[in-house]
Amino acid sequence: MSSTTAEPVRRPTGSRTGHAYLLIAPAVVLVLVFLLYPVLSVFWESLRHHNLTRPLDDGFAGLDNYRAMLADEQFWRSLRFTGQWVFVEVALQFVLGLALALVLNRTFVGRGLARALAFSPWAVSGILTTTIWILLYNPTTGIGHYLASMGIGEYGTSLLSDPDTTFWALILAELWKGIPFFAILILADLQSVPLELYEAAGVDGAGPLRRFSAVTWPHIRRAVVIATLLRAVWEFNNVDLLYTMTAGGPAGSTTTLPLYVAQTAIHDQDFGYGSALTVTAFLLLTFASLVYLRISSGDSKEGK
C-alpha cells in the first residue's frame, strides 16, 4: 500500500517580496515625511531670501546667503567658540566620567547609594539644571559672594557677566550634567570585564596602568567611542544651557553656531540666512562625525 506525502505549498518569491515591502511602507512614509522633507526644505530655504521683516525682498537668492555667511564675523566667532566648547566639554566629561566609573566599579560600603547620587544629575532636565546653576552663580547669594568674602574677586560680580570667568562657569555647569553620561556607559562595560583577566595580569606582574591599558581599555573602547561621538553631537547642538544662562553673552562671546542660528531665525526673523547657517552646521557636523568614526575604526583594526 503506497503512501503519499503532501508537499509544502511554495509561494512565489515575488509575492513574498511584495508583501515585505508593503509591511515596511508605513515606516518609509513616516521617515520621508518627518525626516527627509524637513532636511530638503532647509536646503531649499537656504537658497532663498526669506526675511519676515523685509517681505518685499523675498525670492530666489542662489548662493547669496552663503556668500554673506563667509563675510559674517559673528559666524566665524561662533564657529570658533563652538569648536572650543565641544572639545573642552567632551574631553573633561570623558576624563572625569572615566575616573568616576572606575571608582564606582570597586566594591565598598554604600556603593549602591553612591551610584544613585552620581548618576542623578543626568536625570535632571536641562532647564532645571540651568536654574540651579544660575542660583549658584547669583552675585549676592551664590558662589561669587562667598569667594569675595575670602578675598577672591569683588562683591556683586557675577561669574556669568565677566568675560574672564563666563566660559569656565558654563563649562562647570555642563560638566555636572555630562559626567554621569560617560560614567554610566563606561561602568556598564566595566561590569562585563572578566575578573580572571585582572587576576592573570596581576600574576604576570602588571601594574595598575598596565592592567588598564591591556585589560580595561580594550573592553571599554567601543563604549568610549560611542559616548564621545554622542556627547560631541549633543554639545555641538547645545542651546538650552547657553541661552538660559548667558543668551550668548557677554558681547556674543559664548554664542555657539546653533545658538546663532536660533538668534538669526527666531529673533531676527531671517529664515533664509538662518537656513544657510543650519545647512553649514549640518555639513560640518556630518563631516566631523564621519572622520571621527573613520579614525576610530582604523585604530580599532590596528589594535587587533
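1. Helices (H or I, at least four residues) and strands (E, at least two) are DSSP runs, numbered from the N terminus. By that rule, Pro250 sits in the loop between α10 (240–245) and α11 (257–267). This is a predicted model: local features need pLDDT of at least 70, side-chain atom pairs count only at pLDDT 80 or more, and totals for chains, interfaces and linings use all residues. Residues are numbered from 1 along each chain as its sequence is written, and side-chain values use heavy atoms, with hydrogens and water left out.

2. Stay with that loop. The peptide bond joining Gly249 and Pro250 is cis, with omega about -5 degrees. Ala251 also lies in the loop between α10 and α11. Its phi is near 55 degrees, a positive value in a residue other than glycine. Most residues other than glycine have a negative phi, and most peptide bonds are trans.

3. Next, helix packing. Two packed helices are described by the angle between their axes and the distance between the axes. Axes are lines fitted to C-alpha atoms, for helices over the stretch in contact, and angles run from 0 to 180 degrees between N-to-C directions. Angles under 35 degrees count as roughly parallel, over 145 as roughly antiparallel, 65 to 115 as roughly perpendicular and the rest as oblique.

4. Take helix α5 (residues 126–136) and helix α7 (residues 166–190). Their axes come within 10 Å and cross at roughly 135 degrees. The two helices are therefore oblique to each other. The crossing of α5 past α7 is right-handed. (A crossing is left-handed if the near helix is turned anticlockwise from the far one by less than a right angle, and right-handed if clockwise.)

5. Which residues of α5 and α7 meet? Gly126, Thr129, Ile132 and Trp133 come from α5, and Leu172, Ala173, Trp176 and Lys177 from α7. Contact means heavy atoms within 4.5 Å. The residues of this contact divide into 5 nonpolar, 2 polar and 1 charged. Ala, Val, Leu, Ile, Met, Phe, Trp, Tyr, Cys and Pro count as nonpolar, Asp, Glu, Lys and Arg as charged, and the others, Gly among them, as polar.

6. Now α8 (195–203) and α9 (208–236). They pack at an angle of about 165 degrees, with axes 10 Å apart. So α8 and α9 are roughly antiparallel to each other. Here too, α8 passes α9 in a right-handed crossing. Leu197, Tyr198, Ala201 and Gly202 of α8 touch Arg211, Val215, Thr216 and His219 of α9. By class, that contact has 4 nonpolar, 3 polar and 1 charged.

7. The largest pocket holds about 590 Å³ of space. It has 25 lining residues, and Val86, Val90, Thr228, Ala232 and Tyr292 are the closest to its centre. Elements giving two or more residues to this lining are α3 (73–104), α9 and α12 (271–303). α9 gives the most, with 9 residues. The lining has 18 nonpolar, 5 polar and 2 charged residues.

8. How is a pocket found? On a 1 Å grid over the protein atoms alone, a pocket is an open set of points where a 1.4 Å probe fits, with protein on both sides within 12 Å along at least five of seven lines; lining residues have an atom within 4 Å of a point. Grid points are joined across faces, edges and corners, and a volume is the space filled by probe spheres set on the points.

9. The second largest pocket has about 500 Å³ of space. Among its 15 lining residues, Leu102, Asn105, Arg106, Tyr198 and Thr216 are the closest to its centre. α9 gives the most to this lining, with 5 residues.
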